[in-house]
Amino acid sequence: MNKMMNSSDICKIHDLPSNPIELFNTLTKRAGAKYIPMNLATVDSEFGVLNRTVVYRGLTDNSEICFATERNSRKYKNLRENPKSALTMLLSVGLEDAERETWQIRLMNACAVELDDQAILSKFWQEEPLFAKIRSHIVECGKPTNYEELVIKHNNLLADYQSGQHPLERTPSYTVFKILPKIWDFYKSEPGKIADRVQYKLRDNELNEWTTYHVAA
């Protein structure tokens, strides 16, 4: 029988910093995560709630989590109509199964705000991989598409870029949102242990002060 099936203990989150972003940064560094998928939920007038995966792009100067999208996407339309949103991430820390920590991080009671800082928009655009820049130039999200026509557009633009004829500048449709949560929820689980959860609840927005407490997992 698997030892984990016949053991039990209590998991504990220790040494909590005063600010949730400090804990987030510590966990992402420990996980060695260069690519962090995030599940974003938005309010949709047709379907009620829609969720999809977006990619963590980094932090603003005020340590706010960001993701990039296109202004012709459904999530952009959702967020412009109703900025209420929720975000979930899953991180795995440790390589050995017996010592692995799994962290679920949720940003709750949140709203999404579109960035208008041209410097940070340009920074994120420059960090985009080549395929993403080409996609922004040739794809209109959610519209019917023809594969053969798309291949031709892609190959022509790629050739123009590689020959120096097209610089692949930031498109008008490319944009970035930041997420402003009032609650951060950190859920830590380990093999054979009852999980622990910690929540940070925003107490003072101007001073960036948070109330921290453990909750049942």
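**A buried glutamate, salt bridges and a hairpin**

E70 is buried (under 20% relative accessible area, with a 1.4 Å probe and protein chains only; over 50% is exposed, and in between is partly exposed), yet E70 has no salt bridge, and R135, the nearest side chain of opposite charge, sits 4.2 Å away. Here a salt bridge is a side-chain nitrogen of Lys or Arg within 4 Å of a carboxyl oxygen of Asp or Glu. The model is a predicted one, where local features need pLDDT of at least 70 and side-chain atom pairs count only at pLDDT 80 or more, though totals for chains, interfaces and linings use all residues. Residues are numbered from 1 along each chain as its sequence is written, and side-chain values use heavy atoms, with hydrogens and water left out.

So what does E70 touch? Leaving out neighbours within four places in sequence, E70 is in contact with Y76, R135, S136, C141, T171, S173 and Y174, contact being heavy atoms within 4.5 Å. With S173 there is also a side-chain polar contact of 2.5 Å. A polar contact is a pair of N or O atoms within 3.5 Å; within protein, one must be able to donate a hydrogen and the other to accept it, and residues adjacent in sequence count only if both atoms are side-chain atoms. E70 itself belongs to strand β5, residues 65-70. Strands (E, at least two residues) and helices (H or I, at least four) are DSSP runs numbered from the N terminus.

As for disulfides (cysteine sulfur pairs within 2.5 Å), the structure holds zero. C141, one of the contacts of E70, is in no disulfide, and the nearest cysteine sulfur, that of C66, is 19 Å away. C141 counts as buried because its relative accessible area is 17%. C11 is buried too, at 2% relative accessibility.

Salt bridges do turn up elsewhere: a search of the whole structure finds 16. One of them joins the side chains of E114 and R71, at 3.0 Å from N to O. This pair links distant parts of the chain, with E114 in strand β7 (residues 101-114) and R71 in the loop between β5 and α2 (74-81), 43 residues apart. E114 is buried because its relative accessible area is 16%, whereas R71, at 35%, is partly exposed.

E127 is partly exposed at 42% relative accessible area, and K123 is partly exposed at 42%.

R197 and D185 make another salt bridge, with 2.7 Å between the closest N and O atoms. The pair again links distant parts of the chain: R197 in strand β10 and D185 in strand β8 (residues 174-189), 12 residues apart. Both R197 and D185 are buried. Elsewhere, salt bridges that share partners tie R30, E101, K188, E190 and K193 into one network.

β10 (residues 196-204) pairs with β11 (residues 209-215) in the antiparallel sense over seven bridges; pairing requires at least two bridges found by DSSP. K201 stands opposite T211 in β11. Four residues lie between the two strands of the hairpin, and N208 in the turn has a positive phi of about 55 degrees.

Key. Lys, Arg positive; Asp, Glu negative; His and termini not counted.
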